[in-house]
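Take a look at the sequence and the 3D structure below.

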Amino acid sequence: MEPGEIRRIARAISTVENQSAGCEALLEQAYRQTHWPNVIGITGPPGAGKSTLVDALVAHWARSGERIAVLAIDPSSPYSGGAVLGDRVRRSRSSGLDNVYFRSLSSRGHVGGLSDTATDLVAVLGLFGFRRVIVETVGAGQSDVEVHETADCTVVVTVPGLGDGIQAAKAGLMEIGDVFVVNKADLPGAEDTARTVERALAAAYTGSPGVNARPKHGQGSAEPAASPSPGLAALQLRHGDATRDDTTWVPPVLRTVASENAEIAMLADVVDRFIGWSDGAGRLAMRARERAYGQIVRALATLLLAPYVRVPGSNAIPAPVEQWVKDVAGGRASPAEAARALLDRSGA
Amino acid sequence: MSVPAPAAPQRRKIRILMAKVGLDGHDVGARVVARGLLDAGMEVIYTGLRRKPDDVVRAAIEEDVDWIGVSILSGAHRVLLPKLRRLLDAQGAEDIGIIAGGVIPQEDIPELTAQGVSRVFLSGTPVAEIVDFLFRETRHDRV
Amino acid sequence: MNIAKSPRSISPAPDEPSTAGRQHDRWVREVYAPAAEEKAPRKPFVVDVGIPIKPLYTPANLERIGFDYERDLGFPGEYPFTRGDRPGMNRLDPFVVSAYSGFGDAEACNRRFRKLIEVGTEQILVALDLPTQCGYDSDHEMSTAEVGNVGVAIDSLADMELLFNGIPVDSLKRIGTLGNSIGPIVLALYAALGEKQGVPWQRYTVNLQNDPLKEYIARGTQILPPAPAAKLATDAVAWCVDNAPGWSPMTVCVNHINAGGAGSSMGTAIAFANARHYIELLLAAGYTIDQVAPLLHMFPDERHDFFVSIANLRALRRIWARTMKETYGATTREAMACRTTVYGHGQEALAEPLNNIARTAFGTLAYVLGGASYVYLAGYDEAVSTPNEESAKVALRTLQIIANEHGFGDTIDPLGGSYYIETLTSEVERQIREGLAQIEAIGGALPVIATGFGRRVMTEGAVRRQRAIDSGARPWVTVNMWPQKPNVSNTAFRGDAQATERQLARLARVKSERDHARVAATLAEVDRASAEGRNVVPSVLEAVRAYATVGEIVDIWRNRFGSFAPATDF
């Protein structure tokens, strides 16, 4: 990439980040492209070595010459809105590569592990010819689950020694992983951690890690569950239902040392195999539809709420709501009545 | 989302790349300043130690920052700061400003300013002074 | 200052104040509090390590800490070494007056060394420039604008020969350098230098810092990942046990960790955990604690609070002695006595630098009263530049004044038994032990680096200190009291273009004149020794004798062990 082009990419991302002039036109163009990039989400608790892993993965994929972008998202301060973004510090192998674009983002107050513009940014990167985008999330545990909406493959990273059992399980990360990685596998306790993850997965999946063909009739105990729990239903939507689908995916648990090239190559291969399987099974397209639906609903909500939402940091109540606030607080109306009246008046 | 927000909330943040160039590994000052800028609502991108000027400039452009803040304590400022400026200008990033902090002799400051360093803050400068400078001098209309 | 009778017999229940306690409380209530009410407090009375300081300390405080003379203090040169690591302390063998110096190239630096010796320097630690410390030769791209800036450039044995030209290695009590990330190489350079001068290893003493683990947390010259770096550092210690047991090849540092913001108690805990990591590597390599411990020195640091500094040194010696004995089974005095190197600082300011003479003198006096063995003192201009000749001389003279005037060293541990000092010593010891427990909980010295724990405590502390200065809670003359504009002098780390040119010319000459086949063969052996996990020092010594350069040897390790990817914690 020429310096001029890097600058154009960087500026386009700022335009979306800041929602400044030209943002809407840019996104109209970006969402009309046909080559949506493959998005790989890397998430996991702080200290799991995500940045080092991303560095190694990027260096691996970059060897093919394809353009790769990294969006590294760190939390913003809830008090000031500022942030210290330190993900570049870990860059060594992927640093200085001509076909790699790296951008540090702050969540800018958005809870959920992503920046609220992450999907828009993926669209913009697609416009600039990136076919692979790695999204590294804040690693704040529970709030990270949102990554799986944007990502085509979510890699959940953990390390030994983060506490008894696996924190990821408590944090809801178990439900979103397509691939699990026990990083720093040379540390004591790594094997125990990996087994704990595998045991947790065994409770929800049947089959062996990777792609599984549906068992032939008469084999196994593949009785369709009467009504799977919502959690299980979500997993089946993502990874297939062993009782109905031709193939299913069982998330593998890899042991990596981010400094070992062979292990990184294997991880890269597993990620690509998952994306390939998802695509072949029609799940990528299904996910794109889910993503589009989620985005439309949120865009709609933003649009509808726009006249009523406070300017961040301000204590003033927006004018259209002012009288209703007095009425509700004064015991003269219910919040639902207020909302209904405001909506009717707006003509929506 | 592309929906224009009401009353244009201030989404734009001042972004600054905090860089250590050369071999000097003392970054206490840089870390304290970074925390101060964070508290003032800015986004601080830290490069880590021992970055070459080329790497710093590439990072600044990728990150689309308003400023590069360089901390130098080893005396290499007279060579490295002007080099950063030249590289930025050569890549069309004239609008990215450079500020420097650390141990820099008074006598060198006019020369550095002449070579395109916007401001030099000596060690011990209250962080508030740096914050004020950045709020005042950042071109907030830039994208 | 002394206690009339052993408080062991008193030990009251905590909720039932003793006579001493009641007397103290009465004084506070009836005398102090009414007086204090009329005055606005000048500042919060809390030291940098967070201990609130009371208006007065009395026997009641000793009761509260359960003070026991024999258990807690003992006698100088005896377990638990609280009162001193050696029998006579400054009365019989005064601390060693030391200088840390280096700039430009070996030729320029040699002239400064001769002047330092002329005015009475007993030990010189060579300040190396950053390229040397980070393992780059002067002609490397990364060395641009850095050669000779903050220390002298050393590329090969040829530079060492020139640096000590006319200075026999045995004419000083100790010689050495920091060389934290290149320990085996600087050790080999000093060993080969003795050979060149015809002085056997047992006739001189080499002291190295050689403490790579703190570099990742605080100082920033790290090269390799921490585990192999620690292993190479302990190779230097092991080689000395076998070949030069009188040398001190490792000085484990609190200094930079505290200066970076951790505070002296947590800094001591981190350094102590680092020391334990090195010790355990050496024990695993088959050495005994009695062989190893005497070669390790500690480098404590407290530059904000005079009395905490004294307490810190005393607490450190106590913890060291108990750990060596109880944890590692040390049996000799040498292994249980913690030898300390200190570098006198204060809160040095950039404005009106001459005031720093007073600040560093007080900081140094505290170390001396705390019983330090090897004492350096910062030049008054050191915060802003390579010390000039005058400031280096003032620093040495100040040390000589502390060693000889005022009777500071006439009696041993002169503050021992003070209600305040003993209370502080026990409080600081408790803080250090708490820090150690925290570090143990995350798995020891390497996780301090890997988890970002070390960086985190430093950043938090640095921000806290900055706020205390900005708010005036920590008074600082010419900064937040009677503030003055900082004035960094023209000499600040300017480097010397001519010295750089001389250095590059000398390096080119060495590289062209040496026996290339021998260099290649010795470097190949360094690589083999490194790969096989053998002690690298013998092979490095051969390479150094063949005039292999620092950068060439470090490149072997970079290729074999990889480079360090730093923590993201900011």
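Chain C holds an open sheet of 6 strands, in the order S4-S3-S2-S1-S8-S7, with parallel pairing. Strands are DSSP runs of E, at least two residues long, and helices are runs of H or I of at least four, numbered from the N terminus. Two strands pair if DSSP finds at least two bridges between them. Strand S4 (206–208) and strand S7 (341–344) of chain C are the edges, each pairing on one side only. Neighbouring strands are turned by 25 degrees against each other on average, direction ignored. Axes are lines fitted to C-alpha atoms, for helices over the stretch in contact, and angles run from 0 to 180 degrees between N-to-C directions.

This is a predicted model: local features need pLDDT of at least 70, side-chain atom pairs count only at pLDDT 80 or more, and totals for chains, interfaces and linings use all residues. Residues are numbered from 1 along each chain as its sequence is written, chains are lettered from A and ligands numbered from 1 in the order in which they are written, and side-chain values use heavy atoms, without hydrogens and water.

Now zoom in. Strands S2 (residues 123–126) and S3 (residues 174–177) of chain C pair in the parallel sense over 4 bridges. Here Ile124(C) stands opposite Ile175(C) in S3(C). Helix H8 (residues 183–197) of chain C packs on the sheet and touches S2, S3 and S4 of chain C. Contact means heavy atoms within 4.5 Å. The direction of H8 makes about 165 degrees with that of S4(C).

Turn to chain A. Leu305(A) is found in helix H10 of chain A. Leu305(A) counts as partly exposed because its relative accessibility is 46%, between buried (under 20% relative accessible area) and exposed (over 50%), with a 1.4 Å probe and protein chains only.
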